[in-house]
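Colleague: I am new to this structure and would like to learn how to read it one feature at a time. Could you show me the general idea in each case and then the example?

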Amino acid sequence: KPPSGGLAAALRLPRRDVGAALRPTDRRLDRSPVGAMVYTRIVQPGQKPQYTYEIGESLLLRVRGTVIPQVWWMCMLTMITTYLACLVYDPLRIERKANTLRSSEKLLLNVFSDMERTMNYLTGFVTFILGFFNSTVFYRWWKMRSLCGQMVQTCQNVAMQVAVFVVEEPPPLPEADTEPPAKRLQRARSELIRLLGLAQALALQACHRERDLDSLIEQGLLERDSEEHRALLDMLGPRYNEVWAWFIFKAYEYADEGMMDSKVAQSVCYMFRWSLCNSSNHVEDLMMHLNQPVPLAYCHLLELMVTTYVLILPMGLVPSLLWVAIFISPMVALFFYGFFKLGSCMLMDPFQQDSGFDSPALLSATLLTMESLERHVPIDKERARILGPLPPTPMGFKGAPLPRLDLEGPLAGALPQMPQLRTPLSGHR
């Protein structure tokens with residue numbers, strides 16, 4: 001569970017420590033699908049674990065992450081007001097049957113009748129604008145979720161291209177005190193992957209309205225007092241576009257040094273430019289959604305109509321339901337006022353709400369995936385030779401079943417004990 005305090009506080013754990021904590025230590029487990037899955041993805045980026053649920057799970061008793069903390073006070077106010085309205089209306093109803101109403105009591109009885117008719121008129125109108133408002137807000141929420149996924153997608157695609165095409169050892173430099181070509185190649189690949197992670201971290205910080213380079217230094221994405229650090233301190237904007245531009249510049253520089261095959265170098269650099277420009281477009285579109293909420297005039301009109309409807313609700317239900325209205329009015333208030341709060345507070349900005357997107361998991365999963373691509377592509381033949389052949393799979397190459405292992409025989413004790421698989425929604429990080 002990441003600590004509270006925003007994206008910066010949740011990323012205090014150094015990136016290498018995160019990878020070491022999730023990297024399996026057993027060689028047999030390292031070759032298993034379970035170990036590979038845990039290493040490459042913490043969890044599919046989504047909401048925080050305390051706000052997730054299992055499909056088919058009953059949510060009636062859930063409070064955290066629901067709209068109830070936002071509307072319980074309005075429901076209680078509606079219930080108390082309905083009880084007071086019943087105390088006033090019940091004597092009027094009895095006196096009306098006895099035909100002993102005074103003029104002031106008749107006026108008060110007419111007020112109850114008018115409130116009932118007004119509530120009936122407003123029900124359809126409020127339902128229509130509330131439904132339209134919530135559909136618009138949920139579309140914004142889902143669009144921002146899609147833009148986050150597209151940003152991750154483009155960064156991982158570029159990381160895959162780095163792992164596949166930046167594989168040529170450069171010619172040795174004429175200077176005597178220089179790195180070996182293999183070390184230069186490894187440093188270049190790691191540098192490109194680091195810049196991708198740095199740009200994505202800056203983009204998520206911009207979504208959270210944060211400017212915290214210290215957390216990125218602790219994360220291993222930035223070196224303190226380096227040229228990049230000083231340049232980022234001087235910038236006034238969100239700074240992710242500049243980092244992606246640094247990536248493109250370094251990619252061309254490494255291509256000129258001979259770290260890419262000359263036959264594909266220009267095409268690969270073009271793919272870098274195209275992918276990162278798309279990633280920049282996705283983040284800019286995301287920032288536009290965050291900086292331009294639903295227009296104020298629409299939200300004001302909706303809040304005015306919903307609040308008015310909920311306030312006249314007790315007097316509108318009492319003439320027809322009487323004492324039963326004490327239990328019905330909070331439910332009606334929960335429906336109308338709850339949907340209003342759902343759209344105006346909980347879904348409007350998923351980066352500011354605690355129940356919104358799990359940005360630390362989004363960034364950590366992407367960093368681990370890109371680091372895995374850089375470490376394992378192309379395949380390290382020496383590491384594969386040390387580990388030996390992989391264990392047989394349940395099905396052959398062309399679908400022919402392999403001989404079944406005798407799990408109760410001599411081989412039972414030699415097989416590794418695999419951990420039980422759990423879904424991401426069950427809290428397994």
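Colleague: How much accessible surface does the chain have, and what share of that surface belongs to carbon and sulfur atoms?

Modeller: Bear in mind that this is a predicted model, and that every value I give is computed from it. The accessible surface of the chain comes to about 24500 Å², and 62% of that area belongs to carbon and sulfur atoms. Of the 429 residues, 41% count as buried.

Colleague: Which kinds of secondary structure does the chain hold, and how far apart in sequence are the residues that its contacts join?

Modeller: The chain has 15 helices and 0 strands. When contacts between residues at least 6 apart in sequence are considered, 77% of them join residues at least 24 apart.

Colleague: Let us stay with the surface for a moment. Which residues form a nonpolar patch there?

Modeller: A nonpolar patch on the surface is formed by I80, Y83, L84, L87, V88, L107, L108, V111 and W323, which together have about 780 Å² of accessible area. Two elements, α5 (68-98) and α6 (103-165), each give two or more residues to this patch, and α5 gives the most, with 5 residues. As one example, Y83 sits in helix α5 and, at 41% relative accessibility, counts as partly exposed.

Colleague: Now I would like to read a single helix. How long is α10, and which of its residues are buried?

Modeller: Helix α10 covers residues 240-256, which makes 17 residues, and from its first C-alpha to its last it reaches 25 Å, close to the 24 Å expected at 1.5 Å a residue. Its buried residues are Y240, V243, W244, F247, I248, A251, Y254 and A255.

Colleague: Why do the buried residues of α10 line one face of the helix?

Modeller: The general idea is that an α-helix has 3.6 residues a turn, so residues three or four places apart point the same way. In this case, looking down the axis of α10, the buried residues fall within an arc of 145°, and therefore they line one face of the helix. The face turned away from that buried side carries the exposed residues F249 and D256.

Colleague: Against which elements do the buried residues of α10 pack, and what comes just after the helix?

Modeller: The buried residues of α10 pack against α6, α7 (181-207), α9 (227-234) and α11 (265-291). Just after α10, G258 takes a positive phi of about 95°.

Colleague: Which residue forms a salt bridge with R189, and are the partners buried or exposed?

Modeller: R189 forms a salt bridge with E374, and their closest N and O atoms are 4.0 Å apart. Since R189 lies in helix α7 and E374 in helix α14, this pair ties together parts that are 185 residues apart in sequence. Both R189 and E374 are buried.

Colleague: To finish, how should I read a loop residue such as Q353, and where is its place?

Modeller: Q353 lies in the loop between α13 (325-346) and α14 (359-376), and its relative accessible area of 29% makes Q353 partly exposed. Not counting residues up to four places away in sequence, Q353 touches C345 and M346.

Definitions and conventions:
Residues are numbered from 1 along each chain as its sequence is written. This is a predicted model: local features need pLDDT of at least 70, side-chain atom pairs count only at pLDDT 80 or more; totals for chains, interfaces and linings use all residues. Side-chain values use heavy atoms; hydrogens and water are left out. Helices (H or I, at least four residues) and strands (E, at least two) are DSSP runs, numbered from the N terminus. Buried means under 20% relative accessible area, exposed over 50%, partly exposed in between (1.4 Å probe, protein chains only). Contact means heavy atoms within 4.5 Å. Accessible areas come from the Shrake-Rupley method with a 1.4 Å probe; for residues, only the protein chains shown count as cover. Patches are made of residues with over 30% relative accessible area and no salt bridge: like charges are joined within 9 Å, nonpolar side chains (Val, Leu, Ile, Met, Phe, Trp, Tyr) within 5 Å. A salt bridge is a side-chain nitrogen of Lys or Arg within 4 Å of a carboxyl oxygen of Asp or Glu. The expected span of a helix is 1.5 Å times one less than its number of residues. The arc is that of the directions from the helix axis to the C-beta atoms.
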